[in-house]
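Have the structure open while you read.

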Amino acid sequence: MTTTADPAAGSTEDPTAPAIDMDALMGFVGAFVGDLGATVGAGNVLLGERLGLYRALAAGPTDARTLAAATGTDPRYVEEWLRGQAAGGYVEHDAATGTWSMTPEKAFALTDPTGPVFLPGAFELALGALKALPEIEHAFRTGAGYGWHEHDHDVFTGCERFFRPGYLMHLLPEWIPALEGVEARLERGARVADLGCGHGASTVLMAQAFPASTFVGSDYHRASIEAARQRADEAGVADRVRFYVAGAQSLDEHDLDLVTTFDCLHDMGDPVGAARHIRASLAPDGTWMIVEPAAGDTVADNLNPVGRVFYGFSTFLCVPNAMSQSGGYALGAQAGEAAIRQVVSDAGFTRFRRVAETPFNHVYEARP
């Protein structure tokens with residue numbers, strides 16, 4: 001159905017304006033309602049995780065009052081939260097018994113922050129990033145950058161909790177074995193540098209898996225490095241892992257067997273400079289493992305739900321951080337394989353290939 005202005009009715013609408021297809025309009029409004037519910041739902045997911053509501057609910061069907069008693073929360077708040085969770089499909093509601101429950105699959109994804117799938121961390125990262133809305137608006141108007149270190153604390157903890165499950169699921173069983181000869185070298189004893197390590201999730205996982213090897217992790221964000229040192233202590237690998245504050249272009253290591261960059265090359269203002277520095281730090285037969293967000297080489301390739309997520313995060317996090325640094329690059333989180341290959345080639349690497357992929361990541365191997 002379309003609507004047009006009625007000249008006989010004395011309408012003041014512009015007669016040259018395009019007609020509005022009401023079905024298309026309402027379809028778009030429906031999609032917007034879904035987005036609005038998801039946006040508000042992000043905070044409710046974090047409440048469920050932080051208050052222990054999901055964990056208690058995963059134990060079996062219960063009513064709101066019992067769930068509140070088990071978690072030390074108020075029944076009326078819990079009742080409203082449960083209704084919204086059921087409307088969003090996160091929990092199940094049995095109208096006949098007035099009870100609420102979770103499927104095993106949803107409990108698996110929402111209750112274990114140390115497991116291979118943990119979804120609340122993604123919302124923590126997103127809500128943390130959105131707190132910078134005024135600053136990002138200013139950056140849009142001025143072209144200024146906004147550094148990673150300037151963001152809310154939830155960005156750093158959310159980033160760790162968002163990415164670590166993927167590393168736990170893929171890094172050791174899939175990505176490292178896909179690199180030519182690297183796993184055997186790590187087992188014998190290798191020297192490894194993990195650049196842009198954040199809270200050290202990837203560094204610690206590798207150190208736990210390969211006790212004969214030594215690791216250094218670096219990040220320009222001091223608070224993240226302090227958290228990484230704590231993670232290494234807790235994991236019992238501090239004797240083989242050293243963390244220090246430094247950008248990727250100032251890596252002070254040589255003759256490395258392996259350098260890793262996890263989801264951070266596209267954030268850099270000078271990725272070519274970093275890549276050149278990495279090449280100089282590698283042993284002649286060393287390897288650079290590059291993990292980047294999954295992306296096609298054209299915008300059209302990335303117009304999908306995963307691309308939407310990465311473009312959204314990139315607008316608030318990746319591009320502003322790159323714009324805050326010298327170098328002239330702002331690749332963004334959907335740079336694609338061709339763009340990464342160009343960076344690697346410009347830095348002097350002669351071998352480059354994609355070795356693994358997931359719905360969210362592409363993994364590349366570069367050699368001098």
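**Salt bridges and pockets**

Glu-137 and Arg-141 sit four residues apart, about one turn, in helix α7 (residues 133-142). Keep in mind that this is a predicted model.

Q: How far apart are the closest N and O atoms of Glu-137 and Arg-141?
A: Glu-137 is partly exposed, at 40% relative accessibility, and Arg-141 is exposed at 67%. The two form a salt bridge, and their closest N and O atoms are separated by 3.1 Å.

Q: Is Arg-367, which pairs with Glu-180 in a salt bridge, buried or exposed?
A: The Arg-367 to Glu-180 contact is 4.0 Å, N to O. Arg-367 belongs to strand β11 (residues 361-367) and Glu-180 to the loop between α8 and α9 (182-188), so the bridge ties together parts 187 residues apart in sequence. Buried means under 20% relative accessible area. Arg-367 has 7%, so the call is buried.

Q: Which strand does Arg-185 in helix α9 get tied to through Asp-285?
A: Arg-185 and Asp-285 form a salt bridge, with the closest N and O atoms 2.7 Å apart. The pair ties together parts that are 100 residues apart in sequence, because Arg-185 lies in helix α9 and Asp-285 in strand β9.

Q: Which element gives the largest share of the lining of the second largest pocket?
A: The second largest pocket holds about 690 Å³. Elements giving two or more residues to its lining are α8, α10 (201-209) and α13. The largest share, seven residues, comes from α8.

Conventions: Residues are numbered from 1 along each chain as its sequence is written. This is a predicted model: local features need pLDDT of at least 70, side-chain atom pairs count only at pLDDT 80 or more; totals for chains, interfaces and linings use all residues. Side-chain values use heavy atoms; hydrogens and water are left out. On a 1 Å grid over the protein atoms alone, a cavity is a set of points where a 1.4 Å probe fits but cannot get out, and a pocket is an open set with protein on both sides within 12 Å along at least five of seven lines; lining residues have an atom within 4 Å of a point. Grid points are joined across faces, edges and corners, and a volume is the space filled by probe spheres set on the points. A salt bridge is a side-chain nitrogen of Lys or Arg within 4 Å of a carboxyl oxygen of Asp or Glu. Buried means under 20% relative accessible area, exposed over 50%, partly exposed in between (1.4 Å probe, protein chains only).
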